[in-house]
Amino acid sequence: MTGRTGTTDDREFRDPDGLRRRAGVRGDPNKDQHFLVDDRVLDRLPGYAVPDSDDGDEPVDPASLDLGHVLEIGAGTGALTDRLLAAADEVTVVERDRKLAKFLREEFADAIEAGDLTVLEGDALDVELPEFDVSVSNLPYGASSEIAFRLLPLGKPLVLMFQKEFAERMAADPGTDDYGRLSVTAGHYADVEVVEIVPAEAFDPKPRVESAVVRTTPRDPDYDVPDDAFFLEFLKAVFTQRRKTMRNAVRNTAHISGLGDPDAVVEAADEELMSKRAGELPPATFADLASLAYEVGEPGGY
Ligand SMILES: C[S@@+](CC[C@H](N)C(=O)[O-])C[C@H]1O[C@@H](n2cnc3c(N)ncnc32)[C@H](O)[C@@H]1O
């Protein structure tokens, strides 16, 4: 098939170098373009979407994955798209760069014609997203947080490449140094795990930092938050004082959380809980506390 240059005897996917050559792009870090050039990483990524399939070192046969409709944000020259097409019934990619979107439409014309691929040219932050079953994406790092928090509330499994430091903060457990507002907010929507650390050499141009692949598995929280906007402001507020007890943090940060009566929250809450620090509490406890604060703390102005 055209363009299937292959790098090893049994390679069946398009060669990342060949794709970049044909696209005529070098990758521009100012446009968040760091293309994956390591075939082994590319081959492993679709398998992470099926948690039990990634136990061994060898990549799984993509055809066995049956991923349904996959959303890929930031398709670049399509090296990952090519693998996803083998693992899915349907793939939708979002690519902001006009030249790359045009290249993808040309390079994958057969898949588009067969109805297997849709190329959406636009910004992942505001383009209308299709219904999808899973997203597998090497995200543009400049917008990775916004994109992740656009996808997380949709309640679908995600396999996303981030900067390593961001990934570790997102997946951190309570009581660790990395645990913070990012971990609580992500943990509110999903179980989050780092499944692979990826060295800078796997990309071209080479980024300055290491990367990591995160898998999120949506969970139906057995708790609810009263109001998403208030929950997020409450978290932002108490984590500005993460080293203080919750008693002090709730009182000292009412100007951020918008609580009119933080004392009422402290008095109504469990005393032992109020003597802990924000960095020790799991997402479900924050949700309970935010619910209580919303109920008795006279929220407003957030
Ligand atoms: C890190 S590269 C990944 C490319 C390719 N998936 C790969 O792994 O080689 C990110 C891609 O996202 C595109 N991009 C950057 N910002 C974007 C945005 N806001 N919305 C959609 N695509 C974006 C860039 O043009 C680039 O092609």
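Predicted model: local features only at pLDDT ≥ 70, side-chain atom pairs only at ≥ 80, totals over all residues.
Residues are numbered from 1 along each chain as its sequence is written. Local features need pLDDT of at least 70 and side-chain atom pairs count only at pLDDT 80 or more, while totals for chains, interfaces and linings use all residues.

**Exercise 1. State the strand order of the open sheet and identify its edges.**

Step 1. Strands are DSSP runs (E, at least two residues), numbered from the N terminus, and two of them pair if DSSP finds at least two bridges between them.
Step 2. Seven strands form the open sheet, in the order β4-β3-β2-β5-β6-β9-β7, with mixed pairing.
Step 3. β4 (117-121) and β7 each have a single partner strand, so they stand at the edges and one side of each is left without a neighbour in the sheet.
Step 4. From one strand to the next, the twist averages 25°.
Step 5. A parallel pair is β2 (residues 69-73) with β3, joined over five bridges; Glu72 stands opposite Val93 in β3.

**Exercise 2. Describe the pairing and burial of strand β9 (residues 211-218).**

Step 1. β6 (residues 158-163) runs antiparallel to β9, and six bridges join the two. Val159 has Arg215 of β9 as its bridge partner.
Step 2. β7 (residues 190-198) also pairs with β9 in the antiparallel sense, over eight bridges.
Step 3. Six of the eight residues of β9 are buried (20 or more other C-beta atoms within 10 Å of the residue's own, with C-beta atoms placed from the backbone).

**Exercise 3. Classify the packing of helix α8 (residues 181-189) against helix α14 (residues 283-296).**

Step 1. Two packed helices are described by the angle and the distance between their axes.
Step 2. The axes of α8 and α14 come within 9 Å and cross at roughly 90°.
Step 3. Val184, Gly187 and His188 of α8 make the contact with Pro283, Phe286 and Ala287 of α14 (C-beta atoms within 7 Å).
Step 4. The residues of this contact comprise four nonpolar, two polar and no charged.

**Exercise 4. Characterise the shell around the ligand.**

Step 1. Of the 23 residues around the ligand, Gly74, Gly76, Ala124, Asn138 and Pro140 come nearest; a residue is near if its C-beta atom lies within 6 Å.
Step 2. β1 (35-36), α3 (79-87) and β3 (90-95) each supply at least two residues of the shell.
Step 3. By class, the shell has twelve nonpolar, five polar and six charged residues.

Terms used
Buried ≥ 20, exposed ≤ 12 C-beta atoms within 10 Å, placed from the backbone. Helix = DSSP H or I, 4+ residues; strand = E, 2+ residues; numbered from the N terminus. Nonpolar A, V, L, I, M, F, W, Y, C, P; charged D, E, K, R; others polar. Axes fitted to C-alpha atoms, helices over the stretch in contact; angles between N-to-C directions. Contact = placed C-beta atoms within 7 Å.
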